[in-house]
Amino acid sequence: MKTTAVRLYGEKDLRLESFELPELKEDEMLVKIISDSVCMSTYKLAQQGDRHKRVSESLSEHPAIIGHELSGIIVEVGEKWKDSYQKGMKFTVQPEVTVDGVSRTVGYNYETYGGDSTYSILPAEVIETGSLIPFKGESYFEASLSEPTSCIIAGYHRMYHTSKTNHQHIMGIKEGGNQIILGACGPMGLECIDYALQIENGAKLIVAVDVSDERIERAKKMLKVTDGSKELIFVNGSGLENPVEELRKLTGGHGYDDVFVYAPVRALIEQADGLLAEDGCLNFFAGPVDQTLSAAVNFYNVHYARTHTVGFTGSTNDDLYEALKLMEDGRIHPNVMVTHIGGLESAVDTTLNVPGIPGGKKLIYPHIDLPLTAIEDFRKLGEKDHLFKRLADSCDRHQGCWNAEAERILLEHYQVDLTK
């Protein structure tokens with residue numbers, strides 16, 4: 001079986017190439033990749049090459065297929081798994097697997113397995129560790145987005161609070177408390193808001209801060225409070241003379257019990273530290289490229305007000321299963337993250353230039369031939385191209401968002417066979 005894939009050979013050295021996959025072993029599976037969403041983490045990987053901490057072998061000798069936010073269908077099942085899995089099953093994966101204390105991650109460590117490919121071979125360890133996960137939702141792109149969504153969920157589960165009367169950690173955000181999200185209207189921040197709105201015992205006040213009126217207005221259209229027990233406030237932080245003082249006023253001076261930082265900016269981290277209430281928890285979610293990134297922390301408050309900081313990269317299988325279940329039940333809507341779609345030939349330039357491309361998540365469909373295209377451009381393109389007219393109409397029916405209907409239109413237009 002021949003595949004076409006984007007592989008990383010070194011710093012900023014991404015190559016789109018076709019090659020033969022090895023013969024399938026009895027404990028492996030052949031899969032067809034239908035969608036992969038481009039992650040900022042892959043941009044960082046491409047910038048650093050062999051210097052990246054997750055790279056385990058020389059990329060020049062063992063190039064890695066990039067892409068870890070993937071979904072697809074099983075095409076061929078190795079003999080070992082014949083009784084457990086069926087051809088045509090829709091799936092996603094938990095990217096990182098650990099066997100005998102050694103971790104490997106799709107998109108970083110495999111030559112024949114990754115999201116930016118037409119076909120891949122699932123290694124035995126992915127199946128044996130329960131990291132191959134069935135998805136029963138309507139679309140493929142939602143399964144791709146389950147990975148970044150699960151990372152957001154992991155961030156919530158990593159939050160904790162303490163007590164003056166014992167030494168136990170109470171996991172999760174504070175029930176009925178104040179929550180603020182800095183960098184809230186980027187793709188991951190939007191899903192952070194989306195998840196906050198559906199938590200039954202979550203924060204009462206949710207403040208979403210961004211520096212772009214355009215992004216804020218888009219977020220307001222897509223994310224609304226449906227539970228009267230919550231209040232969602234959007235704030236443009238660029239217009240605040242004293243951000244810490246003015247944002248604290250929204251809490252009546254109490255401060256924020258849970259603070260999420262979604263941009264790796266020193267000034268933002270220091271603002272976040274100043275916003276913490278007593279026993280407040282700061283979640284630094286944004287993974288930096290700069291390995292020396294530091295910020296000032298008020299250690300008086302660490303000692304006397306029990307303020308604290310957490311961070312985490314990736315997610316667990318439980319987080320991923322929770323994300324998929326919430327999507328299948330229609331309780332969260334990760335399509336708020338998506339702003340662009342494109343084919344496999346657009347993956348190299350897109351990955352190398354993620355920070356410079358406006359908008360949110362970029363979806364790659366490996367079996368279509370399409371330059372990276374913004375959803376907001378569909379209507380204009382539709383004046384000359386009937387496909388884009390249909391896609392624009394579909395997105396308009398879904399609050400301007402990419403959706404399962406639009407994905408079906410796209411895949412049918414390019415005659416992507418979802419049975420083999």
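Modeller: Two strands count as paired if DSSP finds at least two bridges between them, and in this predicted model the bridge partner of L30 in strand 9 is I121. Four bridges join strand 3 (residues 29–37) to strand 9, and these two strands run antiparallel. Helices (H or I, at least four residues) and strands (E, at least two) are DSSP runs, numbered from the N terminus.

Biologist: What should I keep in mind about numbering and confidence?

Modeller: Residues are numbered from 1 along each chain as its sequence is written, and side-chain values use heavy atoms, with hydrogens and water left out. Because the model is predicted, local features need pLDDT of at least 70 and side-chain atom pairs count only at pLDDT 80 or more, whereas totals for chains, interfaces and linings use all residues.

Biologist: Which residues of strand 9 are covered on one side, and which on the other?

Modeller: Buried means under 20% relative accessible area, exposed means over 50%, and partly exposed lies in between, with a 1.4 Å probe and protein chains only. In strand 9 (residues 119–122), Y119 and I121 on one side and S120 and L122 on the other are all buried, which leaves both faces covered.

Biologist: What follows in the chain, where P123 is placed?

Modeller: P123 is in the loop between strand 9 and helix 2 (124–128), and P123 is buried, with a relative accessible area of 9%. Contact means heavy atoms within 4.5 Å; leaving out residues up to four places away in sequence, P123 touches D27, E28, Y110 and Y113. By contrast, the C-alpha atoms of P123 and S294, which are 171 residues apart along the chain, are separated by 38 Å.

Biologist: Is T105 buried or exposed?

Modeller: T105 is buried, with a relative accessible area of 3%, and its place is in strand 8 (residues 102–105). Not counting residues up to four places away in sequence, T105 touches R54, P95, E96 and Y110.

Biologist: How do I read the edges of a sheet, and which strands stand there?

Modeller: Start from the strand order: an open sheet of three strands has the order 2-1-4, with antiparallel pairing. Strand 2 (13–20) and strand 4 (64–65) stand at the edges, each with a single partner strand, so one side of each is left without a neighbour in the sheet. Strand 1 (residues 2–10) pairs with strand 2 in the antiparallel sense over eight bridges, and within that pairing L8 has L14 in strand 2 as its bridge partner.

Biologist: Why is strand 17 described as largely enclosed?

Modeller: Seven of the nine residues of strand 17 (residues 276–284) are buried, so this strand is largely enclosed by the rest of the structure. Strand 16 (residues 256–261) runs parallel to strand 17 and is joined to it by five bridges, with Y256 standing opposite L276 in strand 17. The chain goes from strand 16 through helix 7 (residues 266–275) to strand 17 in a right-handed β-α-β crossover; right-handed is the case if, with the strands pointing away from the viewer, the path from the first strand over the helix to the second runs clockwise. Strand 17 is also joined to strand 18 (residues 308–310) by three bridges, again in parallel, and C281 has H308 in strand 18 as its bridge partner.

Biologist: How many residues are in the largest nonpolar core?

Modeller: A nonpolar core is a set of buried Ala, Val, Leu, Ile, Met, Phe, Trp, Tyr and Cys residues joined through side-chain atoms within 4.5 Å. The largest has 63 residues, and those with the most contacts inside it are Y156, I193, Y365, F378, L391 and W402. Helix 4 (residues 187–198) gives the most to this core, with seven residues. A second, separate core of 19 residues includes W81, F91, V97 and V106.

Biologist: Where is F388, and what does F388 contact?

Modeller: F388 is in helix 12 (residues 386–396) and is buried, with a relative accessible area of 7%. Leaving aside neighbours within four places in sequence, F388 is in contact with L370, T373, F378, L381 and G382.

Biologist: How much of the whole protein is buried?

Modeller: Buried residues make up 56% of the 420 residues in the protein, and its secondary structure comes to 13 helices and 21 strands.
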